[in-house]
Each structure stands twice: as structure tokens, then as C-alpha cells.
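Student: Could you walk me through this model? I'd like to go from the overall picture down to single residues.

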Amino acid sequence: MRARGLLWIALATLRADRRGSLLDAAAACVGAAALVFFLALGLGVSAAAQRMFPADARLVEVVPGNVRLGGVLGGGALDDAALRRLGALPGAAAAWPRLSLRVPVAANGPPKGLDYNWPPGMTLQIPVVGLAPEILAGDVGAGFRFEDPGPGGTIPVVLSRRLLEIYDKTLAPAWGVRRLPPILSIVGIELPVRIGFSIVPQKTEDRIVEARLRLAGISDRVPIYMLAMPLETVRRLHREYAKADQGYSQVTLLAARPEDVPSLTAAVRRMGLAVDEGERATAERVGTVVAVTTGSLVFLAVVMCALAALAIAQSLSASVRARVKEIAVLQALGAAPSDVRLVVLAEGAIVGLAGGIVGVLLARGAAPLADRAAAALLPDFPFRPETFFVHPPWLVALGLAVPALAAVLGALAPAAAAARVDPARTLS
Amino acid sequence: MIRLHGVTKSFRDAGVEVPVLRGVDLEVAAGEMVAIVGPSGSGKSTLLYVAGALDRDFSGEAVVAGVALAGLSAEARADLRNRAVGFVFQSFNLLPGLSALENVMLPGMLRRGAREAAAAIRARATAALDEVGLLDKAAQPPARLSGGERQRVAIARALFARPKVLLADEPTGHLDAVTGEGIIRLFADLAAAGLTVLVVTHEERVSRAASRVLHLSGGRLSS
């Protein structure tokens with residue numbers, strides 16, 4: 001009963017000073033709203049940036065070394081021996097080779113059913129990379145197999161999700177053609193191509209073969225401006241077109257744990273190989289920019305919460321001074337100094353919590369308005385999200401806890417002052 | 001019910017120790033109404049607050065409702081005040097932000113270790129207001145009550161916890177003659193019903209109603 005009783009007294013006290021209580025709650029509300037709004041914005045932008053620059057923390061992209069010393073120091077080329085050694089490095093869970101197709105592939109017509117997406121007369125030269133099926137595990141559509149179909153078979157291919165996004169938001173508007181239908185519905189479409197044909201006449205092979213490519217999936221692990229075929233298909237085409245083995249163009253190393261990446265990178269470099277950190281570095285740079293911006297805004301919000309705490313501290317201090325006699329009466333009726341302290345702290349907590357609730361609601365309400373404004377004012381660009389805000393459940397809890405905590409901190413000094421009231425002297 | 005022995009208390013004023021109570025001895029039995037009279041500043045209120053466990057800064061022995069005050073923690077003294085002592089003040093000291101009923105409910109809300117529901121406390125407070133004839137004013141804030149009504153609300157609040165001791169500090173000081181007489185009669189009735197009543201006053205009419213009148217002067221109590 002006593003806790004409820006003290007809460008009852010705190011509520012009654014706040015009710016008695018509605019104006020002051022509302023002003024304090026408004027201060028806490030502004031802090032909470034800013035905190036939730038900016039954090040949700042930061043999380044939303046961060047999620048969009050991750051879609052734009054997907055970087056798997058466990059992947060190390062190995063490329064041939066710039067300086068090749070052949071077998072003297074055991075490094076330089078990315079051949080099968082290097083692949084085996086890479087896969088055996090401590091901390092490496094897998095090593096997946098990538099092999100660029102050195103036979104030209106071109107399409108001079110659209111996939112069936114997507115004629116409106118193809119500018120008239122266009123021939124599209126398609127850069128192709130061969131990938132091990134394991135690297136695309138999970139990205140290949142149900143019912144599709146990412147393996148070499150053999151000569152004359154329809155070749156399964158996988159596209160970069162980012163390429164589709166860039167096509168939709170940049171290329172299609174520039175070419176004046178329609179955008180693609182949603183991603184899942186284009187999986188399974190077939191594109192007629194000519195293997196051995198190049199738009200650069202000198203590069204065209206003596207033998208040109210008509211073939212069909214079937215889109216088997218969409219993946220972030222496919223290089224953005226390339227089309228992925230099964231590694232075995234690329235090897236077969238190299239054999240058919242008598243292309244000499246030049247080793248792999250790249251090997252993707254999968255670290256057992258993200259913390260193994262630095263030691264793996266160092267080991268790779270000791271082998272005379274290089275690590276392509278372009279994608280990772282870009283992702284890290286973008287992530288850093290987003291984190292710093294979000295951090296600054298959150299810091300601003302925390303400062304606002306701190307200012308709210310100061311406002312509440314000042315207001316409660318004035319309130320305690322004004323009702324010192326009431327506090328003495330409460331003590332005469334059976335309140336201990338600790339009870340008085342709790343009542344004032346509860347007043348702060350209630351004000352902070354009430355401000356937090358309204359602040360969270362305001363921030364949640366402002367997010368769709370900001371999205372609507374962004375949709376109206378910002379041009380469409382690749383990876384532009386439907387919403388710039390992400391509201392995980394913990395953010396709501398944080399939006400309530402921070403202003404409540406700030407208010408309680410602000411109430412500490414007034415609560416201590418209230419607990420020091422000498423009832424006998426005050427009532428005399 | 002109240003036993004003070006050799007109670008001494010002094011204030012510090014500008015670095016100088018000013019004695020207020022000098023070895024006061026006082027015994028008030030259950031069912032007795034004792035009036036303490038004396039000039040302003042003689043320490044009447046101080047004596048009352050010592051007896052009410054509000055003032056801990058004194059020397060001597062004090063036993064209230066069977067509980068020795070020496071060495072009691074702040075919480076224990078608060079609990080004693082809540083359960084066994086009722087205070088009535090000259091200026092009523094009702095909380096202005098609460099209604100009359102809520103003011104009466106306060107001791108119930110501050111009770112430690114009780115499991116009485118708020119609804120039950122409200123019901124008892126309503127009954128207490130009814131006893132002092134103010135049921136129709138239950139929802140009114142103190143500002144809308146007359147002086148006599150405020151003092152009756154204060155008395156209902158003091159009696160809410162069914163205390164063993166009622167301490168009143170100039171309870172009729174702000175009341176007109178008729179209203180004051182009513183309050184004095186009520187105190188006398190309460191004492192007759194077994195309550196220990198200690199009233200600090202400088203009014204003759206209050207003294208007349210008391211079973212004993214003691215004079216406090218120069219920090220000493222005399223008959």
C-alpha cells in the first residue's frame with residue numbers, strides 16, 4: 001500500500017500544479033521525441049546504406065598479388081594450389097574461387113516478356129564471372145539449380161541485387177523505358193545470348209554459339225556489374241574456346257568468425273597475394289558517416305534530455321521550496337524523510353515518463369510525415385528506402401527510459417532537499 | 001500515555017545556545033485532556049512536537065503511546081506518528097491541492113506495512129468526514145471551505161488513524177467563538193472517550209475545558 005500511497009501523493013501533488021507539471025513533461029517530451037526520431041532515422045539510413053553497400057564481415061576478397069615472384073616465395077598467382085592453401089589457413093572456413101569469363105557474351109534482344117525494357121537496337125555486352133555454387137547458397141531461387149547444364153543447355157545465372165536497383169532507379173529512367181517488375185517475379189526469365197560475340201569486332205571469337213541464360217536468383221555476392229555463371233560453365237567455355245588457364249581472378253575467403261578476418265588478411269598478404277578491400281572500405285566509410293551523423297544527432301537529443309532534466313530539477317526545487325510546509329505536514333502524518341524523498345523522485349519519474357510517452361508517440365507520428373516529405377522532395381535514387389526510419393521495440397523502451405531517468409536524476413537534488421525538511425521547525 | 005521526564009531542548013541563534021525547555025516533566029494519562037498555556041515563544045509548540053515524535057533533537061526521556069522515543073529511527077518515529085499520534089494545527093495545514101476527502105485519506109496512504117486497499121481507505125475517510133458533519137464537502141478543496149470546516153477536516157484527518165494521542169497546537173486560534181466552542185467540546189468528548197489530548201493554547205475557554213492546565217514559562221512547566 002505504501003508504495004501505491006506515495007505514488008498517489010505524488011500524482012496528487014502534480015495534479016495540484018498542472019501548469020508546472022505540463023511544462024516539465026513538455027521538456028522531457030521534446031528530449032524523448034528528438035531521441036527516438038533521430039535514432040530511428042539513423043537506424044533507417046544505416047539499414048538503407050547496408051542494402052546499398054552490403055559488406056559481409058566474414059568475407060575476405062583475395063586477388064592476385066601486384067608483384068609476382070613465382071615459386072620463389074610461393075605467391076602471386078591464384079591457382080588451385082593457392083586456393084587449397086588459402087582454404088587451409090587458420091580461421092578460414094571456406095575458400096570460393098571466382099573466374100572471369102574471357103569469352104565474350106552479348107545479348108541483342110530482350111528477355112521474353114520484357115521487350116518494353118529494351119531500347120530498340122541495343123546490343124548488351126555482358127561481363128560474366130564464374131562462381132562456386134556454395135558462395136550463392138541461399139540466394140538461388142527455389143526449384144533452380146546453379147550448376148553447369150553442359151553444352152547446349154540453358155545456363156543458370158545470378159544477378160546482383162544492386163544492379164537491378166540501379167537499373168530501376170537510374171538506367172530505366174535515363175533510357176526512357178519501364179522499370180522492372182518486383183524482383184521475385186523476374187527470377188526464371190530467360191535471355192537469348194550469343195556466346196563468342198563482342199560489340200568490339202576484334203574481340204569476337206571465330207565460333208559464335210546461340211544460347212539461353214535463365215535467371216536463377218538475385219544475390220549481393222555477385223559483383224555489381226557482372227552476371228554470375230556456375231564456375232564449371234566458365235571452365236567449360238574456356239576449354240571450348242581454347243582459353244589458356246590464367247588462374248582465378250579472385251578468391252573469396254570465408255572467415256570462421258569476424259574477429260578472424262585481420263589475421264586471415266595478414267596471412268593472405270604473407271602469401272604474396274593482395275586483398276581487395278574496396279567494397280568493405282566503402283561500406284565502412286558509409287557506415288562511419290552514418291554512425292557519426294546519427295551519433296551527433298543522438299548526442300543532441302541526449303543534451304536535450306539533459307536540459308529537460310535541468311529544467312525539471314529547477315522546477316522541482318522551486319516546488320519543494322514552495323511546499324516545505326506541506327512536506328512537514330506529510331511528515332507529521334507519518335511520512336519518513338525517505339518517503340518524502342521517494343514522493344519527489346516519483347514526481348520526477350512520472351513527469352519524465354509522461355513526457356517520454358508523448359515524445360515517443362510524436363516521434364512515431366513524425367516519421368511517416370518525414371517519409372512523405374522525403375518522397376515529395378527527394379528525387380528517386382537507387383536504394384531509396386520506402387521509409388527512412390526503423391523502430392525496433394527497444395527504441396520505444398529507450399524513448400521512455402531515458403527521459404524518465406533524466407527526470408529522476410533531475411529530481412535527486414530536490415528530493416534530498418525535501419528529505420532534509422525539519423518538520424518541527426517548519427510547523428512551529 | 002504521554003510521559004516526559006527531564007526533557008531539555010535549546011536552539012542555536014546566531015551562535016548562541018538559547019534554552020527552550022529546561023528539564024520538563026509531564027505525564028498525561030489516557031482519557032485526560034491537558035492544556036498547556038504560556039506566553040508566545042515560551043516553547044509550547046516545541047513541547048508538543050517533542051511529545052509528537054516530530055522533534056528528535058532533545059535530551060531527556062519521552063514515552064508516547066508506550067513507545068520510548070530515544071533511539072528510534074526516522075522510519076519508526078514516522079510509523080509511531082502515523083499510527084498513534086494525531087496532530088491538529090492552528091492554521092489547519094491542509095494540503096491545498098487535495099480535496100477535503102483526499103486530505104483525510106493521507107494518513108491511510110502513508111501507512112507502512114498495511115494492505116488496506118485505496119477504496120477501503122477512501123470509505124473510511126468518507127466515514128470520518130461524515131462524523132465531523134462534512135460529507136457534503138468531501139470533494140471541495142480547502143480553499144472553498146470556511147475556517148471551521150477546515151479545522152473539522154483537519155480533526156477528521158487527525159482521528160482517521162484512530163490515534164491514542166491527540167496533539168493540538170492552538171486549535172481554535174483562527175476560529176470564531178462559536179466554531180471554537182464546538183471544537184473544544186469535541187476535544188473534551190474525545191478525551192472522555194479515552195483519547196489522550198494535549199492542547200497548547202493561550203485561550204481561556206480551551207483551558208476551562210481541560211481536566212488540567214499547566215503553565216510553561218522560562219522553559220519550565222508548572223501547575
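**From chains to residues**

Tutor: Of the 428 residues in chain A, 37% count as buried, where buried means that 20 or more other C-beta atoms lie within 10 Å of the residue's own, exposed means 12 or fewer, and partly exposed is in between, with C-beta atoms placed from the backbone. Please keep in mind that this is a predicted model, in which local features need pLDDT of at least 70, side-chain atom pairs count only at pLDDT 80 or more, and totals for chains, interfaces and linings use all residues. Residues are numbered from 1 along each chain as its sequence is written, and chains are lettered from A and ligands numbered from 1 in the order in which they are written.

Student: And what share of chain B is buried?

Tutor: In chain B, 50% of the 223 residues count as buried.

Student: What box does chain A fill?

Tutor: Taken along the principal axes, the C-alpha atoms of chain A fill a box of roughly 110 × 55 × 35 Å, while the C-alpha trace of chain B spans about 50 × 40 × 40 Å along its own principal axes.

Student: How many helices and strands are in chain A?

Tutor: Chain A has 12 helices and 11 strands, and chain B has 7 helices and 10 strands. These are DSSP runs numbered from the N terminus, with helices being H or I of at least four residues and strands being E of at least two.

Student: Which domains does the assignment give for chain A?

Tutor: It gives domain 1 (2-54 + 283-427) and domain 2 (59-276), with bounds that come from an automatic or database domain assignment. The C-alpha centres of domain 1 and domain 2 of chain A lie 52 Å apart, and 6 residues of domain 1 are in contact with 5 residues of domain 2. By class, the side of domain 1 that touches domain 2 has 4 nonpolar, no polar and 2 charged residues.

Student: Which cut-offs are behind "contact" and those classes?

Tutor: Two residues are in contact if their C-beta atoms, placed from the backbone, lie within 7 Å. Ala, Val, Leu, Ile, Met, Phe, Trp, Tyr, Cys and Pro count as nonpolar, Asp, Glu, Lys and Arg as charged, and the others, Gly among them, as polar.

Student: OK, now the two chains. How many residues does each give to the contact?

Tutor: Chain A gives 26 residues and chain B gives 29 residues. On the chain A side, helix 1 (2-16), helix 9 (324-332), helix 10 (337-377) and helix 12 (423-427) each supply at least two residues, and helix 1 of chain A gives the most, with 9 residues. By class, that side of chain A has 14 nonpolar, 6 polar and 6 charged residues.

Student: Is helix 9 of chain A mostly covered or mostly open?

Tutor: Helix 9 of chain A is mostly covered, with 7 of its 9 residues buried, among them A:I327, A:V329 and A:L330. The cover for these buried residues includes helix 10, helix 11 and helix 12 of chain A, together with helix 2 (74-84) and strand 6 (85-88) of chain B. Helix 9 of chain A is followed by A:G334, whose phi is positive, near 125°.

Student: Where is A:A26, and is it buried or partly exposed?

Tutor: A:A26 is in helix 2 of chain A, and it is partly exposed because 17 other C-beta atoms lie within 10 Å. The C-alpha atoms of A:A26 and A:G352, which are 326 residues apart along the chain, are separated by 8.9 Å.

Student: Last one, why does B:I2 count as buried?

Tutor: B:I2, in strand 1 (residues 2-13) of chain B, counts as buried because it has 24 C-beta neighbours inside 10 Å. Leaving aside neighbours within four places in sequence, the contacts of B:I2 include B:L26, B:V64 and B:L198.
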